[in-house]
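Reader: Hi, I'd like to go through this structure with you. Can we take it piece by piece?

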Amino acid sequence: MLQKKFPMQKAVALKYNKEKDNAPNVTAKGDGEAAKNIIKIAEENDIPIQKDEDLVNMLSQIELNKEIPVELYQAVSEVFSFIYNISNNMEKDENQKDKNAKNN
């Protein structure tokens, strides 16, 4: 009997400080259990997660604590834009809840 093979789960964590860094850095990466742990830590810390298998495969080739190459700037900027939008929406929701609580 043939079994369908699923690709091993991979994860990459990025960090970017616009005042200090020239480009985002790879701060964690792994597959299998390591990937699950990276995702778990992100979820526990309310860090947005975006799935992009192709981008993860490219980023996982970069050494830890190294900046991403120029060739990946566009793709990674789209991820950061996604995260920024989610963070802004969450902040707006919290502000609205605070405002509603004060008015009641």
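**Contacts, bridges and a pocket**

Author: Let's start with one residue. Leaving out residues up to four places away in sequence, N25 touches A13, L14, K15, N65, K66 and E67. Contact here means heavy atoms within 4.5 Å. One caution: this is a predicted model, where local features need pLDDT of at least 70, side-chain atom pairs count only at pLDDT 80 or more, and totals for chains, interfaces and linings use all residues. Residues are numbered from 1 along each chain as its sequence is written, and side-chain values use heavy atoms, with hydrogens and water left out.

Reader: Got it. Where is the place of N25?

Author: N25 sits in strand β2, residues 25-31. Strands (E, at least two residues) and helices (H or I, at least four) are DSSP runs, numbered from the N terminus.

Reader: Is N25 buried or exposed?

Author: Buried, with a relative accessible area of 14%. The cut-offs are under 20% for buried, over 50% for exposed and partly exposed in between, using a 1.4 Å probe and protein chains only.

Reader: What does the side chain of N25 reach?

Author: The backbone nitrogen of E67, at 3.3 Å. A polar contact is a pair of N or O atoms within 3.5 Å; within protein, one must be able to donate a hydrogen and the other to accept it, and residues adjacent in sequence count only if both atoms are side-chain atoms.

Reader: New topic. How many salt bridges does the structure hold?

Author: It holds 2. A salt bridge is a side-chain nitrogen of Lys or Arg within 4 Å of a carboxyl oxygen of Asp or Glu. One joins the side chains of E33 and K36, at 3.6 Å from N to O. Those two are 3 residues apart in helix α1, so about one helical turn separates them. E33 is exposed at 59% relative accessible area, while K36 is partly exposed at 43%.

Reader: And which residue forms a salt bridge with K40?

Author: E44, with the closest N and O atoms 3.9 Å apart. K40 and E44 are 4 residues apart in helix α1, so again about one helical turn lies between them. K40 is partly exposed at 45%. E44 is exposed at 54%.

Reader: Last topic, pockets. What volume does the largest pocket have?

Author: About 1000 Å³. On a 1 Å grid over the protein atoms alone, a pocket is an open set of points where a 1.4 Å probe fits, with protein on both sides within 12 Å along at least five of seven lines; lining residues have an atom within 4 Å of a point. Points are joined across faces, edges and corners, and the volume is the space filled by probe spheres set on them.

Reader: What lines the largest pocket?

Author: It has 30 lining residues, and V12, A13, P48, I49 and Q50 lie nearest its centre. β1 gives the most, with 6 residues.
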